[in-house]
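Dear colleague,

Please find the structure below, followed by a short account of what was found in it.

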Amino acid sequence: KLTLLCGYDKYLRPVLHHSNKTEVELMLVPRIIEFDDMHSSLYMKAWVTMNWKDVHLSWDKLQHDDISSIMLDTSMIWVPDLSVYNSRQEIELNQEVGSVAIASSGDVYAMFTPEMTGHCVPNWANWPYDIHKCNITLGSKRYMGSIVNFTFFYEEGLIMEFLVPDNKWELVATNSSRNESRMGPDNDTDTEIMVTLDYQFTLRRRASVYVASYLIPGVVIMILSLGLLWIPSDKVERMAILCTLMIIQSLYLQFLAYKIPTNGNTTPYLVCYYRDCLCLTGLLIVETLVTRSMVSWASDPPYLQSIFRFIAGNRVL
């Protein structure tokens, strides 16, 4: 270790010439994924592995008792900076690297378990069958892609076999991509390129409990409201049940407003359904009052007679 670190400068990139590019391979292994409804953000605890080559940390193992690898603390060597671009808080993942394994060829292997958050675009239209897409974007804030080039290790750089299932959200799809963004005019040949690694996770709510709690009562209330048309309008029971249904539907709407987050751009169809049921119940109450009033009429009111004469005088056939 003393031989390797003699004259070593951890603030300089480990290349023989400053124009040489440092290739960094990254692997993301999610362990816990949770979705925060209120803040529309993704929480993830994962294993992250990085490996790169440090030309200043290679040795001939035959001259050093056949030692093929050693462990060093990251405070002693250069480590590529890695940050989450779209996190709610500033997160530098490279600061969480503890120790690294270094092979005699100069290959450096680092593994750490950070906690990170990502941005989500909420869509509550199909609540409680809502599906959300969340993104985590990783990259370097200190180096451009022409200096430190991040790439995926092992195909898409993502392994999902070690994910612990969540009892509220189901992971239905994943996607990863490496993107390059030009930092300047497109016609400028000297424009620097910023490299990012984007991971997208699609989550779906487990809706079995919500179906029994919110959907089925709504269907029953609608059937009950329409079934009241079979009861004569002069019956007291019809008006009493309609008023009770209106109170229940109003309370359900208030409860849904409390239960469903309001940070999306779309109104949930379930809220629209209960809203329309409430309007229908109100119309049925008005219809019942008008019908009961018409029963007590001794003759047609003058305005109705005028309407009937107008319709009869303008018949096509």
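Tyr210 and Tyr214 are 4 residues apart in helix H2 (residues 208-227), so about one helical turn separates them; helices here are DSSP runs of H or I, at least four residues long, numbered from the N terminus. This is a predicted model, in which local features need pLDDT of at least 70 and side-chain atom pairs count only at pLDDT 80 or more, while totals for chains, interfaces and linings use all residues. Residues are numbered from 1 along each chain as its sequence is written, and side-chain values use heavy atoms, with hydrogens and water left out.

The rings of Tyr210 and Tyr214 form a stacked aromatic pair, 6.0 Å centre to centre with 15 degrees between the planes. Rings of Phe, Tyr and Trp (its six-membered ring) pair if their centres lie within 6.5 Å, and planes under 30 degrees apart count as stacked, over 60 as edge-to-face and the rest as tilted. Both Tyr210 and Tyr214 are buried, meaning under 20% relative accessible area (1.4 Å probe, protein chains only). Ring pairs also link these two with Trp127 and Phe255 in a cluster.

The charged end of Arg205 sits over the ring of Tyr210, 5.4 Å from its centre; the criterion is CZ of Arg or NZ of Lys within 6 Å of the ring centre and within 35 degrees of the ring normal.

A further stacked pair is Tyr252 and Tyr274, with ring centres 5.1 Å apart and planes at 5 degrees. Tyr252 lies in helix H3 (residues 236-259) and Tyr274 in helix H4 (residues 269-295), so this pair ties together parts 22 residues apart in sequence. Tyr274 is buried, at 1% relative accessibility.

Yours sincerely

Technical notes
Helix = DSSP H or I, 4+ residues; strand = E, 2+ residues; numbered from the N terminus. Buried < 20%, exposed > 50% of the residue type's maximum accessible area, 1.4 Å probe, protein only.
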